[in-house]
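Please load the model in your viewer and keep the selection tool handy. We will go from stop to stop.

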Amino acid sequence: MPIDPVDNMLSRLHSVKKMDDNQWMASCPCRDDDKNPSLAVSRGKDGECMVYCHRGMCNAEKIFQSVGLNLAKDGFVRDEPPREAKKKSKKLVKTYTYRDEDGNVLYEKLRYLVEDGTKSFSHRRPDPSSPGNYIYNLKDTRKVLYRLPEVIASIAAGEDIWLVEGEKDADIIYERYGIPATTMTNGANSWDPSYTLTLAGAANVHILADNDDVGKLHAIGVRDDLMAAGINAIAWVSKHAKDAYDHIQAGYEVDGDSLKELTDKDLPESVVIEDIPEDEAPEESAEDRLLEEITKILNREQMEFEQKLNRISFALNNFSATSFEDYGRTVNWQEFLTEADNDTYEWVIPGLLEKQERVIVVAAEGVGKTMLARQVAIASAAGLHPFTFQPMRPIRTLTIDLENPARIIRRTSRSIMENAIRLSHAKTVDAHLHIHPSGLDLTSTKDRIFVEQLVEQVRPQLICLGPLYKSYVDNGSRTSEALAIEVAKFLDRIRDVYDCALWLEHHAPLGSSMTTRELRPFGSSVWSRWPEFGISITPDPLSPEGYVYDVRHFRGARDKRAWPIKMKRSLRLPFEVIEFMKE
């Protein structure tokens, strides 16, 4: 029985919505930012499949190719191109500008009024190669909260933040009352974990939902995400109108008298999760569905290899990265503290570093932070505590050197290995080294996959990586804050999935000398806030011996540990501790 061309096309598309018996709307497969479906699919008078992209950016041939079909060969249309629907005229009525922390334009959202009375949206971003012109897609552009500079200033001033579903709602709250209000680029169901990080430090976040099931579900979900991150958040809905704009236009205030607080009981019945009996099989996860989709694509013999790659890329781009994220849990303090749990430390290095903890070591050039990282990696893998030189359980380590060529690493590390083996009496040392002096870009999918495959292969308990500034590429299109957040999220995923600790080295900002410069991580303040332990190493200018170093903390440690506070260069290993931190 021949395949119906329209059904075949629709089965390969996302966000399909039936408009009538012979026409459907769906997300265009040629792009990954078509959140407001713009592809029209209709059945021709002879049963052929007709397609038309309302954004006018894709022709029929490109659309068919994107889903693994061939416009000319597969017989899904007649010889001539599909009849295109008449374009409806539209008028640009509003431009919403999204800026980074420094006020620079990242992208704009354009609101149109269509001749039939409906509205439509599109995005554009400045063209870096042609000032004054735009590129009409977002692709990998960093997504931020609307009115971001004002939001940051309001948080710093200790003000409450209001979060709504659309720019029009945010504008009327901000302009009418001067209340800090913000929203997300694509409205409900487009919350990104980076937005949670942006709102950290806010006194309170008030989420004003649209008065429909989708809006309520979105608001309660965001509330839970913020609360899990330690941010006080309250979800509200208007008692009188469908959204914030109509609520205010009707003369109501944004206060407890005209708003109703949302609770879990207000969730639509269709999304209330019932208790699942233990003997029932769990529902298929999002990750399983993604893998199943990729397998189907790979098994389609009629598709060319390039078409398969394109289709897989589309599937990955449409898969929510938040499916992999763990947002923790919310508990009652008293019940939590009485839980019968094992609170003993899971040491990677006894008394110093526990599983999944992060250390960033900052020092000036030439002080020896790279040599210290090698001492930690090799000694602990040999079963030798890197600072006390006492026996410990050997661990598997992975060092990723992003700066030094092989010959220099080999020359400067032989004595570390020899002395670690001699002091520990180890026969084998489970320490691994990856040499990549040209650096990596952990904001790129390709390099992330490579690093994850490397970690999967070695399965280390401790990863030593550095320097951090060579773990991403700054092409000037994104702020250092945005780059650091993305790299930090990836490293957090690695430590969570593989249950390992991280030891990272980073440079300090340039200064007048090794002893007077500000010894904090270079670049984004994310690196100062992110680790459990932030260590700085500076030469002791008062030491008569020379090659003596003070070990300080550029951020408050999150737990008491036996860190060195003074070290010196040693003939056995690069550093020997003179004095430890007292508890």
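Which residue in E2 is the bridge partner of Lys17? Select Lys17 and look across to Met25, its bridge partner in E2. You are in strand E1 (residues 14-20), which pairs with strand E2 (residues 23-27) in the antiparallel sense over 4 bridges; a hairpin of 2 residues joins E1 to E2. Strands (E, at least two residues) and helices (H or I, at least four) are DSSP runs numbered from the N terminus, and two strands pair if DSSP finds at least two bridges between them.

A word on the source: this is a predicted model, where local features need pLDDT of at least 70, side-chain atom pairs count only at pLDDT 80 or more, and totals for chains, interfaces and linings use all residues. Residues are numbered from 1 along each chain as its sequence is written, and side-chain values use heavy atoms, with hydrogens and water left out.

Next, select helix H4 (residues 167-177). Its buried residues (under 20% relative accessible area, 1.4 Å probe, protein chains only) are Glu167, Asp169, Ala170, Asp171, Ile172 and Ile173. They pack against elements including strand E5 (90-99), strand E6 (105-114) and helix H7 (244-249). Just after H4, stop at Gly178, with a positive phi of about 75°.

Now show the open sheet of 9 strands, ordered E18-E17-E19-E20-E16-E21-E22-E23-E24 with mixed pairing. Its edge strands are E18 (431-435) and E24 (575-580), each pairing on one side only. Inside the sheet, E16 (residues 358-363) and E21 (residues 533-539) pair in the parallel sense over 5 bridges. Finish at Val361, which stands opposite Ile535 in E21.

Definitions and conventions
Buried < 20%, exposed > 50% of the residue type's maximum accessible area, 1.4 Å probe, protein only. Contact = heavy atoms within 4.5 Å.
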